[in-house]
Amino acid sequence: MSANEYSVIVVTEEFLSGGTWSRNEYDNPEGPPLQFLQDNASNTTMFQNLSTVDCITAYQNSLVVGRRNILAVTTNRDAGKAMNNTVVRVMSSSPTDVLWDIDPLAWICDDIPGYNSSYLFNTGLKLCDANLVIKSASTWKISNQKIDYCLSEKVSEECKLQFSLNLMIVVISCNVVKMLCLFFTVWKQKQTLVTIGCIAALCITSILLDQGVQSLKQFGQPTSVGALWSMGFGAVNANAILFPGTRSRSTPATLLRSVLLGNLPQVILSFLYLMYNSLYTNMLLAHEWSQFAQVRKALRVTSPTGRQRSTYFLQLPYKYAIPLVISSGLMHWLVSQSIFLAHVTVLTNRGVEDPAADMTTCGYSCIAIIFVIIVGSLMVLAVIATGFRRLDPGIPLASSCSIAISAACHPPQDDVNAAILPVMWGAVEEKNEDVGHCTFTSMEVTPPVKGRLYAGLAGHTSGGKSTAVDLTECGNGGPSWV
């Protein structure tokens with residue numbers, strides 16, 4: 001984005017009608033274009049007449065766009081009369097003032113008792129609170145002169161596309177690798193590529209929010225929800241930038257540092273999505289497994305044969321997958337509005353770009369961070385609530401344990417097509433009445449009988465000692481999903 005340096009010129013009304021002013025003092029190439037301002041002050045296309053309230057409100061953001069120089073007009077005829085000068089005072093403000101421990105809104109609080117324009121980041125001195133000045137705007141003074149109204153110079157907003165060729169090559173290369181991995185995964189589609197994890201990012205986000213709020217308090221800025229919202233949702237604000245006490249000039253090093261820092265949360269969020277997806281995958285796997293003791297249905301496989309069912313396209317049932325994808329996308333967008341690259345191109349009070357004053361850093365938005373915490377908390381509550389759902393009783397839990405799954409998959413010898421037909425888990429008839437046999441089969445099954453021993457393999461014993469167990473003790477309890 002671009003932001004404007006601007007000058008605040010306190011003048012009498014005589015200045016607007018061609019009154020004299022000290023050219024030796026103010027007429028220089030680096031100062032404000034006073035002659036231009038005086039010649040065009042009556043041009044309503046170029047200048048907007050603002051009340052004191054509107055004037056302070058229009059310039060209370062340290063990064064000013066769409067406006068430039070201000071003529072702060074006092075109707076006090078005695079101001080400057082002693083020196084025969086219609087210009088009482090000239091002050092300046094720059095977007096980069098905050099980097100040099102100078103309050104860019106010093107001119108607004110100029111006559112407030114005890115105010116110091118050099119706030120010095122590490123001393124805790126407060127920045128100007130424009131909202132407090134607005135409450136007493138009717139008596140607003142600059143240089144001990146009551147300001148009656150302002151003439152604000154209107155300018156067009158300037159923007160341009162900027163990119164780093166080296167970073168663009170890295171991004172394109174990473175996307176190509178990612179695309180190849182996606183194609184390879186879809187082509188092979190062997191297994192789920194996720195692991196179980198946690199959601200500790202909410203704690204990190206809360207800490208970042210606390211640090212941001214404490215920083216605003218240190219600057220003397222209000223921290224109510226309304227004040228945070230007024231700072232902008234994902235908008236660059238000079239009071240909400242990282243490393244405000246450092247000289248964040250635009251160099252390749254600061255650009256790379258800011259890009260990496262601004263995008264690091266996106267990487268963390270991507271891994272958390274995999275963990276969250278894995279957690280749901282395991283719970284729904286246990287849920288579908290438990291249903292085989294209640295309902296006969298075909299197995300779900302990667303490459304269906306016969307009456308087998310295919311796997312879900314997004315690994316999860318759509319009623320879970322679609323909300324998860326939407327919430328994940330929303331979280332990525334909210335995080336991008338919470339911490340972001342902030343590159344500010346500075347234009348002088350004459351409208352000329354000043355490359356030496358450009359700055360690159362990371363900005364943050366407290367209100368966006370609050371929304372991240374809210375949405376993230378809702379996602380946490382959703383997975384906890386899902387975990388409290390009860391599984392269908394009647395079958396031991398297996399999760400993804402291959403030994404437990406194998407033990408449940410020994411159908412009778414004459415059930416040769418069980419794998420491609422609808423199956424159900426339960427007890428099958430066996431000649432050995434002492435030890436029963438439970439398995440997946442396309443034949444008729446009955447629920448296990450409480451107190452009876454069952455084996456994974458029909459009639460399986462070892463060394464005269466039965467390896468059967470009472471499956472009903474672990475199958476009828478109806479455990480929760482987690």
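This is a predicted model: local features need pLDDT of at least 70, side-chain atom pairs count only at pLDDT 80 or more; totals for chains, interfaces and linings use all residues.
Reader: Are H10 and H11 roughly parallel or roughly antiparallel to each other?
Author: H10 and H11 are roughly antiparallel (under 35 degrees counts as roughly parallel, over 145 as roughly antiparallel, 65 to 115 as roughly perpendicular, the rest as oblique). Helices (H or I, at least four residues) and strands (E, at least two) are DSSP runs, numbered from the N terminus.

Reader: OK, at what angle do the axes of H10 and H11 cross?
Author: The axes of H10 (residues 318–338) and H11 (residues 366–387) cross at roughly 160° and come within 8 Å. Axes are lines fitted to C-alpha atoms, for helices over the stretch in contact, with angles from 0 to 180 degrees between N-to-C directions.

Reader: Which residues make the contact?
Author: Among them are Leu-324, Leu-330 and Met-331 of H10, and Ile-369, Phe-371 and Val-372 of H11 (contact means heavy atoms within 4.5 Å).

Reader: How many of the contact residues are charged?
Author: No charged ones; the contact of H10 with H11 has 11 nonpolar and 4 polar residues. Ala, Val, Leu, Ile, Met, Phe, Trp, Tyr, Cys and Pro count as nonpolar, Asp, Glu, Lys and Arg as charged, and the others, Gly among them, as polar.

Reader: New topic. What is the strand order in the sheet of 5 strands?
Author: The order is S3-S8-S4-S2-S5, in an open sheet with mixed pairing. Two strands pair if DSSP finds at least two bridges between them. S3 (47–50) and S5 (87–93) are the edge strands, each pairing on one side only.

Reader: In what sense do S2 and S4 pair?
Author: S2 (residues 6–12) and S4 (residues 67–74) pair in the parallel sense over 5 bridges. Val-10 has Ala-72 in S4 as its bridge partner.

Reader: And S13 with S14?
Author: S13 and S14 (residues 435–441) pair in the antiparallel sense, over 5 bridges. Trp-425 stands opposite Phe-440 in S14.

Reader: How many aromatic pairs are there?
Author: The structure holds 8 aromatic pairs. One of them is Trp-107 with Trp-140, a tilted pair at 6.0 Å centre to centre and 50° between the planes. Rings of Phe, Tyr and Trp (its six-membered ring) pair if their centres lie within 6.5 Å; planes under 30 degrees apart count as stacked, over 60 as edge-to-face and the rest as tilted.

Key
Residues are numbered from 1 along each chain as its sequence is written. Side-chain values use heavy atoms; hydrogens and water are left out.
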